[in-house]
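Here are my notes for you to read alongside the model. Have the picture open and look up each residue as you go.

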Amino acid sequence: MIEIAIDGTAASGKGTLGKKLSNKYNFPYLDTGILYRKIASYIIKENINNTSDLEKQCCDFAQNLILEELKNENLRTEIVAKLAAKIATFPDLRKILNNKQKEFNKINKKKYGGCILDGRDIGTIILPNADFKFFITASLEVRAKRRLLEKNISFLHENDEKCMLLNLINNMRERDKLDSIRKISPLVPAKDAYIIDTSLINAQELFFKVSNIIEGKK
Ligand code: C5P
């Protein structure tokens, strides 16, 4: 049974990699960021961001999350991402979500012979004994450009594009910092992770590189 742990910064290419590996090997894939985003979007919708018991509200909601139902949700806005990074510092919330991620891995590994998770603390905390660990990153500018392309805005004035790009760069820098300096489950590569910079390679090249490592060709 094979466990594949993928960690890394936002828009580094780890999600696309996870999906491609899932298709190739037929192992279920979980984007764990979606758990934090789902809770953040609930908090925004219910307008309870500034309540004194925010962590408790997050935990209560998290207890009832069903991971399989989250797969098709589009929660990729910058506001949701920012709040997701804030609530991701709550220790009790992480405990609940960690258990759900471990359970997802356990069930699917048994059923399909393997499982792939991506996030920030997969190789360090969730699957510390994973067979393969990858830490994916890229320069801030490259990652912000990718996010802008994902937004699929067909016509944008040059100045608006520059402005959006700058905003994305600032948001990502802030989020990377918060994710990396937090005390609990910080974004750091596991000691035994393959670290891959995707600034100069595309999604397909990353996929080939990682497949070769998994298949022992490198
Ligand atoms: O991966 P994504 O950008 O969707 O994650 C949103 C936020 O959720 C991250 O910035 C991080 O703060 C948090 N997260 C986390 N641990 C994970 C996955 C995501 O703390 N395993």
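1. A word to have ready before we start: a residue is called buried when its relative accessible area is under 20%, exposed when that area is over 50%, and partly exposed in between. Keep in mind that this is a predicted model.

2. Cysteine 59 has a relative accessible area of 10%, so cysteine 59 counts as buried. Cysteine 163 comes out at 46%, which means cysteine 163 is partly exposed. How many disulfides are there? With sulfur atoms required to be within 2.5 Å of each other, the count is zero. For cysteine 59, the nearest cysteine sulfur belongs to cysteine 58, and that is 6.8 Å away.

3. Now for the largest nonpolar core, which has 33 residues. The members that touch the most other members are Ile39, Cys58, Ile87, Leu93, Leu97 and Leu117. At least two residues each come from helix H2 (33-46), helix H3 (54-63), helix H4 (78-87), H5, strand E3 (114-119) and helix H6 (122-126). H2 gives the most, with six residues. Pick out leucine 97 and you'll find it touching Leu35, Tyr36, Ile39, Ala62 and Leu65, leaving aside residues up to four places away in sequence. There is also a second, separate core of 17 residues, and Ile4, Ile6, Tyr25 and Val210 are among them. As background, nonpolar side chains tend to be buried together in soluble globular proteins.

4. Is glutamine 101 buried or exposed? Its relative accessible area is 0%, so glutamine 101 is buried. You'll find glutamine 101 in helix H5 (residues 91-112). Not counting residues up to four places away in sequence, glutamine 101 touches Leu30, Thr32, Leu35, Tyr36, Leu117, Ile122 and Ile126.

5. With 24 residues at 1.5 Å a residue, H8 should span 34 Å, and its end C-alpha atoms are 35 Å apart, which agrees. Its buried residues are Leu165, Leu168, Ile169, Met172, Arg175, Asp176 and Asp179, and the buried residues of H8 pack against H2, H4 and helix H7 (140-150).

6. Aspartate 192 is partly exposed, because its relative accessible area is 49%. The side chain of aspartate 192 makes a polar contact with the side chain of lysine 133, at 3.1 Å.

7. Leucine 200 is in the loop between E5 and helix H9 (203-214). A relative accessible area of 83% is why leucine 200 is classed as exposed. Leucine 200 and valine 142 are 58 residues apart along the chain, with 8.8 Å between their C-alpha atoms.

8. Finally, H9. Asparagine 202 caps its N-terminal end, with a side-chain oxygen 3.1 Å from the backbone nitrogen of glutamine 204. Which residues of H9 are buried? They are Leu206, Phe207, Val210, Ser211, Ile213 and Ile214. Looking down the axis of H9, the buried residues fall within an arc of 160°, so they line one face of the helix. The buried residues of H9 pack against strand E1 (2-8), helix H1 (14-25), strand E4 (132-137) and E5. Just after H9, glycine 216 has a positive phi of about 70°.

Notes. Residues numbered from 1 in each chain as written. Predicted model: local features only at pLDDT ≥ 70, side-chain atom pairs only at ≥ 80, totals over all residues. Heavy atoms only, no water. Buried < 20%, exposed > 50% of the residue type's maximum accessible area, 1.4 Å probe, protein only. Helix = DSSP H or I, 4+ residues; strand = E, 2+ residues; numbered from the N terminus. Contact = heavy atoms within 4.5 Å. Polar contact = N/O pair within 3.5 Å; in protein donor to acceptor, adjacent residues only side chain to side chain. Core = buried A, V, L, I, M, F, W, Y, C linked by side-chain atoms within 4.5 Å. Expected span 1.5 Å × (residues − 1). Arc of directions from axis to C-beta.
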